[in-house]
Amino acid sequence: MAPAQRHRVVVLALDGCLPFELGIPQRIFGRAADASGRRLYEVVTCSVRQPGPVQTDADFAVLVENGPEALATADTVIVPTSYELGPVHDEGRLTPELAAALARLRPGTRMVSICTGGYVLAAAGLLDGRPATTHWSSAEHFQRLFPKVRVDADVLFIDDGDVLTSAGVAAGIDLCLHIVRRDHGTAVANDIARRTVVPPHRDGGQAQYIQRPVPEPQVATTSEARAWALAHLHRPIQLRDLAEQESMSVRTFTRRFREQVGVSPGQWLTQQRVQRARQLLETTDLSVDQVARDAGFGTAQSMRQHLQSALGVPPTVYRRTFRATTPAP
């Protein structure tokens, strides 16, 4: 695919940016390819000033070779975290140079923030009346500063159509993979995840801050139950079935599961079944009824309801959207 035909992702590098988060879009979108190996995105990094060094939060600067005019060419703009947002963070207003840079955006440009990059979107008025998230430690301040934004600090990312926001660091990877999945299907996103050595999917509704993310020594985990469930998704699975895999009471298992995964066992099962259904719809010619059975929904009607809720489209529309761009399994 010629560069002019690729979806153009422009990453806005601001002073005080985190090198890791600045590099996430290139690592994810820059590796996305179709079945023939053609790149699907072109990734460009720009500054609000003319080309030159941008200071990071580390002991080095990065040389950015594009000025704000690159924003006018973007199909998607990504604003990573910055620790030097100044009045954007303190007063909720854009600096003159940032306002001038964002004024170059074309109508309909998809806007994405990673972590506190959401302050920039909010200060620009792009999040007014919308749901959004940011790093859990900044959520309270974010809500006070931008009362028109519906802040949800308990999720990894939020997809509100043309505006998407994420929590910090790893959640930025989750969001970028989600966008690739939304644009080109599960197979393309899973291929990038394998190459990046990260989980292929963490649902946006998963809790971003779990009190005990790493089990204490000698404390039983729920990993065996989850592995068993994934191998038996096609079967009806009750809570007691999962608890039995770990030799726990239902009450203890439910508490441990939520502590370790961040959602209830029932929510997690539904997420996994939706993912299985998506994969089968994209990569097989199975009927909708068979996909529903293999994914554990039981009936096509049940699957339609869950996919409509999770994806906003019924199974047949989802399949038609992605089969043309999905690599062969």
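**Exercise 1. Confidence in the model**

Find the average pLDDT of the protein chain, and the residues where pLDDT stays under 50.

*Solution.* Start with the whole chain: its average pLDDT (the predictor's confidence in each residue, from 0 to 100) is 90, and 90% of the residues score at least 70. This is a predicted model, in which local features need pLDDT of at least 70 and side-chain atom pairs count only at pLDDT 80 or more, while totals for chains, interfaces and linings use all residues. Residues are numbered from 1 along each chain as its sequence is written, and side-chain values use heavy atoms, with hydrogens and water left out.

Over residues 210-215 the pLDDT stays under 50, and the model has 10 contacts (heavy atoms within 4.5 Å) for them beyond four places in sequence. The pLDDT is also below 50 over residues 325-329, a stretch with 12 contacts beyond near neighbours in sequence. Where pLDDT is low, the predicted coordinates should not be read in detail.

**Exercise 2. The largest nonpolar core**

Work out which residues touch the most other members of the largest nonpolar core, and which elements supply it.

*Solution.* First, the term: a nonpolar core is a set of buried Ala, Val, Leu, Ile, Met, Phe, Trp, Tyr and Cys residues joined through side-chain atoms within 4.5 Å. Buried means under 20% relative accessible area, exposed over 50%, and partly exposed in between (1.4 Å probe, protein chains only).

Now the members: the core has 33 residues, and Ile-28, Phe-29 and Val-180 touch the most others. At least two residues each come from strands S1 (7-12), S2 (41-46) and S6 (110-114) and from helices H1 (19-29), H6 (170-184) and H7 (186-196). Helices (H or I, at least four residues) and strands (E, at least two) are DSSP runs, numbered from the N terminus. H6 gives the largest share, 7 residues.

Then zoom in on Phe-29. Beyond its neighbours within four places in sequence, Phe-29 is in contact with Val-9, Tyr-41, Val-43, Ile-78, Cys-176, Ile-179 and Val-180.

**Exercise 3. Helix H7 and its partners**

Decide how H6 and H7 are oriented to each other, and what the buried residues of H7 pack against.

*Solution.* Begin with the geometry: the two helices pack at an angle of about 150°, with axes 7 Å apart. Axes are lines fitted to C-alpha atoms, for helices over the stretch in contact, and angles run from 0 to 180 degrees between N-to-C directions. Angles under 35 degrees count as roughly parallel, over 145 as roughly antiparallel, 65 to 115 as roughly perpendicular and the rest as oblique. H6 and H7 are therefore roughly antiparallel.

Who makes the contact? Leu-177, Val-180, Arg-181 and His-184 of H6 meet residues of H7 including Thr-186, Val-188 and Ile-192.

Now turn to burial: 8 of the 11 residues of H7 are buried, so this helix is largely enclosed by the rest of the structure. Those buried residues pack against H1, H6, H11 and H14.

**Exercise 4. One face of helix H14**

Find the buried residues of H14 and explain why they line one face.

*Solution.* In H14 (residues 315-322), Pro-315, Tyr-318, Arg-319 and Phe-322 are buried. Seen down the helix axis, they fall within an arc of 95° (taken from the directions from the axis to the C-beta atoms), so they line one face. Their cover includes H6, H7, H11 (265-283), H12 (288-294) and H13 (300-311).
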